[in-house]
Amino acid sequence: MRLPNPRSIDPSTTPSLRWGIIGPGGIAQTFIDAVQKHTQQQIHAVASRTPGRAQEVADKFGIPLVLSSYEELANHPEVDVVYIASHMIDHFEHAMLAINAGKHLLVEKPITYSPQEAKDLLAAARAKGVFAMEAMWTRYLPQSDILDQLLQGGELGETELLSAAFCVDNRAVARLWQKGGGGIVFDMGIYPIAIAQQFMGNPTKITAVGKVRPDGMDEESFVVLEYANGSRAQLTISGISTLPITASCSFERGLVLVDAPFLAPSGVRLRDKEFYFTEESWQDQSAVRGHEGLSYQATALANYVSQGLLEYPVHNHSDTVANIEVAYE
């Protein structure tokens, strides 16, 4: 059994779409930087509800259009696709602006807090004939394609046990502790939930314990997911403690590990199940490092749009809703 090579989309082969940015905060600026460094996509317009923010970001990144409102951005004829990075609680409203304007859209993860809102948003996009995609950027990294090939090949056999942890002391990150703006399970925990889904599908049973602050904001969660084939996933999520950000899954005939941090460009290891194991490894040696990996999803979206798709094959609409349902529980 060998590790396959990742199948990557050449950015130069995709159409160069004109992107408009809604909510140009920290993650949006990281996205803009990654897109400008590693893709053929054009960041063409920006709007913000914070006075002066849009102009500041436009000056920083050389964005041609500074627009006065999200409505103007969504309806502007020179915008092909809208990237939505506003507060989570506002994702649905802002996504509907883009959909009703007939624009393709990429919505920061999670696409909404509510599973029902996610269903309604994605159904509206399909009905309007526009491409809507959650920005689950980890699913578009080269290492994720290696995992998909291993899973599709079937040589490893059935999944048995998965362990994934995303634990970082983020008490200084204010937005994670604001109602409507974050939350540890929805902002951080969505990554372990997503990789568990990639390996194992959707759970049949969820058991969780955790810590919640007096104001109702969650701090930590310890989760066990159970699946129809008898396999289990153990997820550890914390915004107050720090542990290695790793993920690993035991199969009938092997062990797959994703190097830390598993949610960014890193590496994959394939081992046998012996105590003194043998191992084959792949390391990401590209120039795309850390959160520059956000660029892959922009290239993927442009590729899907060029094919006339309305749904993303790597991480489809039902996958998106199912992960929010797990987080919601």
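**Cavities, pocket and helix packing**

**View 1. The second largest cavity has a volume of about 40 Å³.** A cavity is a set of points on a 1 Å grid over the protein atoms alone where a 1.4 Å probe fits but cannot get out, and lining residues have an atom within 4 Å of a point. Volume is the space filled by probe spheres set on the points, which are joined across faces, edges and corners. The model is predicted: local features need pLDDT of at least 70, side-chain atom pairs count only at pLDDT 80 or more, and totals for chains, interfaces and linings use all residues. Residues are numbered from 1 along each chain as its sequence is written, and side-chain values use heavy atoms, with hydrogens and water left out. Ile-193, Ala-196, Gln-197, Gly-201, Asn-202, Pro-203, Leu-225, Tyr-227, Asn-323 and Val-326 form the lining of this second largest cavity. Two or more of its lining residues come from each of H7 and helix H9 (317-328), and H7 gives the most, with three residues. Helices are DSSP runs of H or I with at least four residues, strands are runs of E with at least two, and both are numbered from the N terminus.

**View 2. The largest cavity has a volume of about 100 Å³.** The structure holds two cavities of 30 Å³ or more. The largest cavity is lined by Thr-138, Arg-139, Gln-143, Ser-144, Leu-147, Tyr-191, Ala-194, Ile-195, Gln-198, Val-258 and Phe-262. H6 and H7 are the elements that give two or more residues to this lining. The most, four residues, is given by H7.

**View 3. Helix H6 (residues 142-153) packs against helix H7 (residues 184-200).** The angle is about 30 degrees and the axes are 9 Å apart. Axes are lines fitted to C-alpha atoms, for helices over the stretch in contact, and angles run from 0 to 180 degrees between N-to-C directions. From H6, the contact (heavy atoms within 4.5 Å) is made by Ser-144, Leu-147, Asp-148 and Leu-151. From H7, Ile-195, Gln-198 and Phe-199 take part.

**View 4. H6 lies across strand E11 (247-251), E12, E13 and E14.** H6 runs at about 25 degrees to E13. Strand E12 covers residues 254-258 and strand E13 covers residues 267-271.

**View 5. The largest pocket has a volume of about 770 Å³.** A pocket is an open set with protein on both sides within 12 Å along at least five of seven lines. Of its 33 lining residues, Gly-26, Ile-27, Ala-85, Arg-175 and Asp-187 are the closest to the centre. Helix H1 (26-38) and H7 are the elements that give two or more residues. H7 supplies the largest share, three residues.

Technical notes. Two strands pair if DSSP finds at least two bridges between them.
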